[in-house]
Amino acid sequence: MPWLRCFKQLEFLIVGQALRLPNFVAAPLRRGVSAATERRGYSGRDRALESHARELLRQLGADKLAREIRVEWNARLKTCAGRADYRKKLISLNPLLKDHGDEINPTLRHELAHLLAQWRAGRRRIAPHGAEWRQACCDLGIADEARCHNLPFASKSFPPRYVYRCPNCEQKFPRVRRIRRAIACLACCRKHNGGDFDPRFRLKLCSEGL
């Protein structure tokens, strides 16, 4: 059914401190962000980086994406160096990158590659760090880019409280938070339904409170 295509399929990857492409909704900075950080320009929208990103996209023929893209510094990011939200055409960068100045441009291009790869793919779903992303990295001049950063950001881990299971392949997916939307096993959807959402493979909660 056409409306089922609107549902999100997730491919859960254990990637540590990954730079990944989630359904991230940009949120305002939390209260308590230091005034010094704000004065240094590491808070809110960054017009200079935005212009740089647009120029990179225009050089690759992605004019429409270039017109829509925004770049911001987001103090809510703690362990991730950056995030990309394709729906909002938004790149969010961690203000801690200010202590690693030579990492700002590679991180911007890493996240830009996520948006460029999805823009090229259109409505087709692609793996966050798959072949399309790697090609975008090559086109953006970071051919050897790793999927995860190794910057010394303080990390905080939480044990999974919920475990979901695919009723078809029985793969288990531990999650820290409860899943609030219809989520199907991406591997099974790809194998049996061309990558489109299939309710037969909708994840089922099998345990909680671990």
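Trainee: What span should the 18 residues of helix H4 have, and how far apart are its end C-alpha atoms?

Mentor: This is a predicted model, and in it H4 covers residues 104–121, which at 1.5 Å a residue should span 26 Å; the end C-alpha atoms are 26 Å apart, so the two values agree.

Trainee: And how many of the residues of H4 are buried?

Mentor: Buried here means under 20% relative accessible area, and 14 of the 18 residues of H4 fall in that class, so the helix is largely enclosed by the rest of the structure.

Trainee: What comes just after H4?

Mentor: Gly 122 does, and this glycine takes a positive phi of about 70°.

Trainee: Switching to packing, at what angle do H4 and H5 pack?

Mentor: H5 is the helix of residues 131–139, and H4 packs with it at an angle of about 120°, their axes being 8 Å apart. The two helices are therefore oblique to each other, and H4 passes H5 in a right-handed crossing.

Trainee: Which residues meet there?

Mentor: From H4 they are His 110, Ala 113, His 114, Leu 116, Ala 117 and Arg 120, and these meet Glu 132, Trp 133, Gln 135, Ala 136, Cys 137 and Asp 139 of H5. Sorted by class, the contact of H4 with H5 has six nonpolar, three polar and three charged residues.

Trainee: Now the whole chain: how many helices and strands are there?

Mentor: The chain has six helices and nine strands, and 39% of its 210 residues count as buried. Among contacts between residues at least 6 apart in sequence, 60% join residues at least 24 apart.

Key. Residues are numbered from 1 along each chain as its sequence is written. This is a predicted model: local features need pLDDT of at least 70, side-chain atom pairs count only at pLDDT 80 or more; totals for chains, interfaces and linings use all residues. Side-chain values use heavy atoms; hydrogens and water are left out. Helices (H or I, at least four residues) and strands (E, at least two) are DSSP runs, numbered from the N terminus. The expected span of a helix is 1.5 Å times one less than its number of residues. Buried means under 20% relative accessible area, exposed over 50%, partly exposed in between (1.4 Å probe, protein chains only). Axes are lines fitted to C-alpha atoms, for helices over the stretch in contact, and angles run from 0 to 180 degrees between N-to-C directions. Angles under 35 degrees count as roughly parallel, over 145 as roughly antiparallel, 65 to 115 as roughly perpendicular and the rest as oblique. A crossing is left-handed if the near helix is turned anticlockwise from the far one by less than a right angle, and right-handed if clockwise. Contact means heavy atoms within 4.5 Å. Ala, Val, Leu, Ile, Met, Phe, Trp, Tyr, Cys and Pro count as nonpolar, Asp, Glu, Lys and Arg as charged, and the others, Gly among them, as polar.
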